[in-house]
Amino acid sequence: MQPTILEKKQLLVVDDEANLRRVLAAVLERDGHEVHTAEHGEAALEFLREHHVDLVVTDLRMPGVDGMALFHQVSRSSPGLPVIILTAHGTVDGAVEALKAGAFDYLTKPFDQAEIRNVIRKALRARELDQADASFEGGRGGAGARFGIIGDAERIVAVYAILDRVADTPTTVLVTGESGTGKELVARALHENSSRRDKPFIKVNCAAIPKDLMESELFGYERGAFTGAVTSKPGRFELAAGGTLFLDEIGEIPVEMQVKLLRVLQEGEFERVGGIRTIKVDVRLVAATNRELRREIERGAFRDDLYSRLNVVPIALPALRERTRDIPTLVDAFLAKFNARLKKHVSSVDAEAMQRLVAYAWPGNIRELENVMERAVLFSDGARITERDLSPEVRGGASVRPAPPADLSSDGLKEQVKAATARLERQIIERALDQTGGNVTHAARLLKLSRKGLQLKMKELGLRETPGARPRDDEEDE
Ligand SMILES: Nc1ncnc2c1ncn2[C@@H]1O[C@H](COP(=O)(O)OP(=O)(O)OP(=O)(O)O)[C@@H](O)[C@H]1O
Ligand SMILES: [Mg+2]
């Protein structure tokens with residue numbers, strides 16, 4: 001699933017070398033982050049005063065406010081904001097000093113892409129865990145804190161017990177659950193709680209890869225294997241060596257590919273497309289699906305033998321409506337998260353609004369709750385969230401509560417969630433545009449998006465820009 005509108009992490013890259021800024025921005029945007037750049041410390045500080053940022057990457061040596069000074073300022077004004085230092089050979093002392101003072105990590109130039117992406121991933125993850133912990137002060141719902149998972153309903157506590165037992169084993173795990181129940185979260189928790197945590201976690205969304213590219217994506221290809229294969233390329237299995245491979249939406253894998261996957265699972269080896277060399281890799285496999293695989297087997301769309309191989313340890317995640325007692329805890333956690341992210345100070349949810357939140361059926365589960373809370377925090381004018389701040393579906397409450405669709409694992413449900421998300425996003429954007437008199441640049445700022453990002457989203461949602469309110473051309477995110 002695409003990141004929703006406010007889900008992207010906001011990264012600030014500070015370096016006086018334009019080329020490095022460009023390259024880093026390109027690499028990190030490919031990872032789905034929103035990247036802002038500044039050419040010196042002053043510009044960075046100015047940006048930080050007005051924008052929410054999740055992580056800073058800064059060069060150490062710059063004219064004026066250098067990386068060290070920037071780091072000290074940041075740790076005073078935004079404690080906990082991770083800072084990664086870039087340093088040239090010979091100036092490592094400075095970086096080590098920054099590390100001792102609490103910088104997250106440093107990299108020596110030249111570094112490779114994998115290195116920086118890895119460090120950034122870890123820093124963002126650590127930050128998320130910190131924030132989740134912080135929102136649980138007082139000991140509420142801490143049972144899953146070590147996994148970054150919230151909730152202490154019986155059915156989710158049972159999941160923690162399985163995670164404890166299997167995280168640090170090479171066993172294949174099959175995570176099932178409706179859309180938005182936390183399958184990916186569980187897959188990452190397995191990786192982070194294993195001794196593989198310093199090795200790659202590679203995610204493959206099987207639904208997003210065209211059928212005829214699946215084999216080369218998973219297993220790689222040799223030069224000349226097909227038209228266009230001008231170089232050879234490792235596949236995801238090789239990229240995940242030593243780490244974890246997360247096969248998301250495994251139910252979407254074409255039957256021909258299932259045979260090949262089965263062989264890797266059984267024998268631990270494969271060949272690249274067009275290759276003759278047999279490759280062996282040590283990879284821990286986690287698969288997830290929101291489909292009822294048994295039903296897929298019945299209709300011949302999924303192989304029974306592959307299913308048995310994958311289903312060594314099954315983890316079935318409960319739908320949110322089956323664990324309503326966790327809703328208040330989740331609401332509090334999302335409140336804290338979005339207060340921090342949106343720089344708001346909403347302290348609580350009033351009783352009526354909470355009643356609505358608990359009564360609603362949540363077809364999109366925790367992801368939908370997260371989106372609703374994001375919107376509520378964004379639009380709340382006061383210290384408390386009231387019914388008014390909730391989306392119409394949720395406000396409709398028990399009286400018009402839709403009966404859950406008969407087949408909760410169907411594509412139909414996915415479509416419904418997609419439609420609900422789009423509706424929500426459209427409302428958020430329209431409201432932001434209202435507030436800014438149709439000025440896209442200002443609306444983007446309000447939504448903590450780049451102008452380009454907002455424009456793309458508007459196009460996708462079929463929203464048109466008002467001709468009279470065009471943005472200036474000299475904005476920072478161009
Ligand atoms: N127990 C939980 N505590 C806190 N956050 C959660 C929990 N479960 C899910 N989330 C959050 O809800 C969102 C959706 O979770 P995730 O992407 O893991 O779901 P999924 O089951 O993979 O969904 P899909 O089937 O749509 O891919 C994420 O932002 C995740 O961080
Ligand atoms: Mg998922």
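Colleague: Why is Glu249 called buried?

Modeller: Keep in mind that this is a predicted model. Buried means under 20% relative accessible area. Glu249 has 14% relative accessibility, so Glu249 counts as buried.

Colleague: What is the phi of Glu249, and where does Glu249 sit?

Modeller: Phi of Glu249 is near 55 degrees, a positive value, and Glu249 is not a glycine. Most residues other than glycine have a negative phi. Glu249 sits in the loop between strand 10 and helix 10 (255-267).

Colleague: Which label does Lys343 get: buried, partly exposed or exposed?

Modeller: Set the value against both cut-offs. Buried is under 20%, exposed is over 50%, and partly exposed is in between. Lys343 has a relative accessible area of 47%, so Lys343 is partly exposed. Lys343 also has a positive phi, about 50 degrees, without being a glycine. Its place is the loop between helix 13 (327-342) and strand 15 (348-349).

Colleague: How do you know that Thr244 is buried?

Modeller: The cut-off is under 20%. Thr244 has a relative accessible area of 1%, so the label buried applies. Thr244 belongs to strand 10 (residues 244-248). Leaving out residues up to four places away in sequence, Thr244 touches several others, among them Arg196, Pro200, Phe201 and Val283.

Colleague: What makes the pair Thr244 and His191 a polar contact?

Modeller: A polar contact needs a pair of N or O atoms within 3.5 Å, and within protein one must be able to donate a hydrogen and the other to accept it. The side chains of Thr244 and His191 make such a contact at 2.6 Å.

Colleague: Now the ligand. How many residues surround ligand 1, and which are the closest?

Modeller: The shell has 16 residues, and the closest are Ser179, Gly180, Lys183, Arg367 and Glu370. By type, the shell divides into six nonpolar, four polar and six charged residues.

Colleague: Which atoms of Glu370, Gly182 and Leu185 lie by an oxygen atom of ligand 1?

Modeller: For Glu370, a polar side-chain atom lies 2.6 Å from a ligand 1 oxygen. Gly182 uses a backbone N or O atom, 3.1 Å from an oxygen of ligand 1. Leu185 also uses a backbone N or O atom, at 3.0 Å from a ligand 1 oxygen. The protein covers 89% of the 630 Å² of accessible area that ligand 1 has on its own. Helix 7 (183-192) and helix 15 (365-379) are the elements that give two or more residues to the shell.

Colleague: Why do you say that ligand 1 lies between domain 2 and domain 3?

Modeller: Look at who supplies the shell. Domain 2 (167-316) gives residues, and domain 3 (323-469) gives residues too, so ligand 1 lies between them.

Colleague: What is the peptide bond from Lys109 to Pro110: cis or trans?

Modeller: Omega is near -5 degrees, and the bond is cis. Most peptide bonds are trans. Pro110 is in the loop between strand 5 (105-108) and helix 5 (113-134).

Colleague: And how much of the whole chain counts as buried?

Modeller: The same cut-off applies, under 20%. Of the 478 residues, 51% count as buried. The chain has 19 helices and 16 strands. It exposes about 22,400 Å², with 49% supplied by carbon and sulfur atoms.

Terms used. Residues are numbered from 1 along each chain as its sequence is written. Chains are lettered from A and ligands numbered from 1 in the order in which they are written. This is a predicted model: local features need pLDDT of at least 70, side-chain atom pairs count only at pLDDT 80 or more; totals for chains, interfaces and linings use all residues. Side-chain values use heavy atoms; hydrogens and water are left out. A residue is near a molecule or strand if one of its heavy atoms lies within 4 Å of it. Accessible areas come from the Shrake-Rupley method with a 1.4 Å probe; for residues, only the protein chains shown count as cover. Helices (H or I, at least four residues) and strands (E, at least two) are DSSP runs, numbered from the N terminus. Ala, Val, Leu, Ile, Met, Phe, Trp, Tyr, Cys and Pro count as nonpolar, Asp, Glu, Lys and Arg as charged, and the others, Gly among them, as polar. Domain bounds come from an automatic or database domain assignment. Buried means under 20% relative accessible area, exposed over 50%, partly exposed in between (1.4 Å probe, protein chains only). Contact means heavy atoms within 4.5 Å.
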